[in-house]
Amino acid sequence: IHEQTLVAVKPDGVQRRLVGEIIQRFEKRGFQLMGLKLVQPSRDVLLKHYHDLQEKPFYSALIQYMSSGPIILMVWEGCDVVRISRMMVGDTDPALAQPGTVRGDLCVHISRNAIHASDSVEVAKKEISLWFHRNELVEWESCT
Ligand code: CMP
């Protein structure tokens, strides 16, 4: 299955200079980078991105945290990339994330968990169209 996913380095990850390491992990795994940008996300787009979490007790803290600095947004493409990216990212709570995962290696607290990856193919499509214009995504020539 050839698919795309949205991966974001959250404000804490950018501030802690983890962007290069995170990109490198996805490159080395063999996925193809289709889009990449650094943005200061607007509240509006964050409210849409986290729409499903609006009833959660940590919702307003989450929006505030995600607004606290620039984030890196990436679209990665490849075979089974949604599931494999989630595996590479590790448990939502870094304290539970396995060593070898981004969160298991690079952070410790659930409210500063460094990275986002779409949790299904359907969600990935929505998130990619929320954050990227079509003309911001490249089309690599197929090598097959
Ligand atoms: P993520 O899974 O990428 O998207 C939802 C985010 O909400 C999650 O990462 C955390 O950053 C945050 N989150 C989830 N649960 C909690 C929690 N119990 N306390 C604080 N933040 C949380």
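Guide: Happy to! Keep in mind that this is a predicted model. Let's begin with the active site: the unreviewed UniProt entry lists His116 under that heading. Look for histidine 116 in strand β4, which covers residues 115-117. Histidine 116 counts as buried because it has 20 C-beta neighbours inside 10 Å, and 20 or more is what the label "buried" requires. Setting aside residues up to four places away in sequence, histidine 116 touches Val7, Ala8 and Lys10.

Under "binding site", the unreviewed UniProt entry lists Lys10, Phe58, Arg86, Thr92, Arg103 and Asn113.

Arginine 86 belongs to helix α5, made up of residues 81-89. Arginine 86 has 17 C-beta neighbours inside 10 Å, so it is classed as partly exposed. Apart from its neighbours within four places in sequence, arginine 86 is in contact with Ala117 and Asp119. Now find Ala117 on your screen: strand β4 spans residues 115-117, so position 117 falls within the strand that holds histidine 116.

Threonine 92 sits in the loop between α5 and α6 (102-106). Threonine 92 is exposed because 12 other C-beta atoms lie within 10 Å, and the exposed class takes in residues with 12 or fewer. Leaving out neighbours within four places in sequence, threonine 92 contacts Ile110 and Asn113.

Key. Residues are numbered from 1 along each chain as its sequence is written. This is a predicted model: local features need pLDDT of at least 70, side-chain atom pairs count only at pLDDT 80 or more; totals for chains, interfaces and linings use all residues. UniProt positions are given in the numbering used here, feature names are shortened, and annotations may be inferred rather than shown by experiment. Helices (H or I, at least four residues) and strands (E, at least two) are DSSP runs, numbered from the N terminus. Two residues are in contact if their C-beta atoms, placed from the backbone, lie within 7 Å.
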